[in-house]
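Take a brisk walk through this model, one spot at a time. Keep the sequence at hand and find each residue as it comes up.

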Amino acid sequence: MRMHHELYDILGVEVDCDQTEIKKAYRRCAKQCHPDRNPGVDPDLFKKVSHAYEILSDPQKREKYDKYGEQGLHGTNNNMFTQDEQQPYDDLFSAFFGSSFDDFGEKTQNLKGENIRHVLPVSLEDLYLGKVINLSIERTVLVDRKKKGRKCLECDGKGFVTTNRYIGFGISQRWKSKCKNCSGHGQLFRTKKERKVLQVNIERGMEDKEEIRFEGMADETSPFIKPGDLIVVLEQKQHSYFSRVKNNLYIELSISLSEAIGGFELPVETLDKRILLIRNDQGTVIHPNMRKRIVNEGMPIRDKPTERGDLVVRFTVVFPPDHSISEEACARLRVLLPGIPRSSQVRVDSDRVVQVAICKELSSRQEDFANSEQPTFSRKTQKTEDSFCVIL
């Protein structure tokens with residue numbers, strides 16, 4: 001008796017295999033050629049695999065096939081498939097593997113559209129105090145989610161497009177990919193523009209570039225695809241005198257030389273309109289570029305309503321202009337201000353002394369060039385960051 005082996009070859013099994021081997025072979029082949037799992041695979045290959053399993057897994061059909069071939073199965077021809085024949089094999093696949101498609105990706109109903117990002121400028125005061133902003137958006141929505149759409153002309157209603165790719169040496173490959181015009185559904189649906197107002201809740205202490213997500217508020221393109229999310233990205237606007245690094249605020253204040261030596265009181269308006277009176281007592285010298293820290297006067301900390309970061313103040317000491325101090329005042333300053341001890345090892349002999357004058361100030365470019373060539377000196381540095389006394 002002649003044994004027909006074409007369906008066995010499709011599954012890659014021997015003609016004398018048992019049902020367990022047939023099931024394992026179908027599972028393996030179905031994973032490799034299911035069109036939902038592998039968009040580039042020819043859908044007819046999955047139909048052939050499913051058709052072979054449908055016959056060989058039924059003992060009666062298998063016996064008829066072994067004796068008479070497919071002609072004995074009511075004249076069935078496994079080489080001819082139409083688009084309408086896809087559904088029974090999809091049902092067979094779902095019954096064999098389960099309806100969740102866990103190993104093969106999401107179902108069509110679980111597909112999600114693209115997200116939309118919207119940049120929302122906010123002030124530093126908004127991030128400090130918190131605020132609710134009404135954001136007006138315009139999105140695309142479906143006119144009727146239940147109404148059947150029209151055929152997509154890009155893919156002729158198939159949901160995929162076929163392209164030829166040249167591999168080389170006179171060989172080309174036919175490649176199938178999902179149609180971008182209809183998102184692989186073969187249909188286009190009527191849409192309209194809809195304006196909607198969303199309430200964006202900016203919480204105290206939120207940061208620059210932080211995202212607020214509105215689920216399902218992106219454009220609707222198909223009833224088979226869940227709309228994506230609208231992602232609002234906060235963009236902090238530059239403040240006139242405060243800057244921020246995480247939970248700390250930074251400010252730069254200019255003081256005179258007399259204030260750096262003799263003390264000062266400076267008012268600073270906070271982001272919540274309070275007045276901080278920053279005081280430095282007489283006798284405590286402020287050096288140029290010294291930084292002072294004011295504890296608990298920075299940004300609010302998320303999820304900790306009673307805690308805040310720190311305010312860091314950097315001081316710029318403004319020296320008096322040239323020739324603005326009289327000789328008499330300079331003489332008094334020499335008496336009042338302590339001098340720097342000089343080394344006694346160097347003797348200044350009159351016959352070796354050459355007097356030089358300080359030239360004009362370097363430009364920024366010349367100063368950068370000079371700094372790049374100067375050696376690094378090892379010296380002890382004092383701690384220049386401390387806490388202030390703050391009077392409210």
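Thr-270 is buried, at 7% relative accessible area. Buried means under 20% relative accessible area, exposed means over 50%, and partly exposed lies in between (1.4 Å probe, protein chains only). This is a predicted model, in which local features need pLDDT of at least 70 and side-chain atom pairs count only at pLDDT 80 or more, while totals for chains, interfaces and linings use all residues. Residues are numbered from 1 along each chain as its sequence is written, and side-chain values use heavy atoms, with hydrogens and water left out.

Thr-270 sits in the loop between strand E12 (264-269) and strand E13 (275-280). Strands (E, at least two residues) and helices (H or I, at least four) are DSSP runs, numbered from the N terminus. The Thr-270 side chain makes a polar contact with the side chain of Asp-272, at 2.4 Å. Such a contact is a pair of N or O atoms within 3.5 Å; within protein, one must be able to donate a hydrogen and the other to accept it, and residues adjacent in sequence count only if both atoms are side-chain atoms. Leaving out residues up to four places away in sequence, Thr-270 touches Phe-242, Leu-276 and Glu-297. Contact here means heavy atoms within 4.5 Å.

Phe-242 leads on to the aromatic rings. The structure holds five aromatic pairs. In one, the ring centres of Tyr-241 and Phe-242 are 4.7 Å apart and the planes meet at 50°, so the pair is tilted. Rings of Phe, Tyr and Trp (its six-membered ring) pair if their centres lie within 6.5 Å; planes under 30 degrees apart are stacked, over 60 edge-to-face, and the rest tilted. Phe-242 is buried at 6%, whereas Tyr-241 is partly exposed at 34%.

Now turn to helix H4 (residues 59-68). Its buried residues are Arg-62, Tyr-65 and Asp-66. The face turned away carries exposed Gln-60 and Tyr-68. At the start of H4, a side-chain oxygen of Asp-58 comes within 3.0 Å of the backbone nitrogen of Gln-60. Just after H4, Gly-69 has a positive phi of about 80°.

Last, the cysteines. Cys-29 is buried at 11% relative accessibility.
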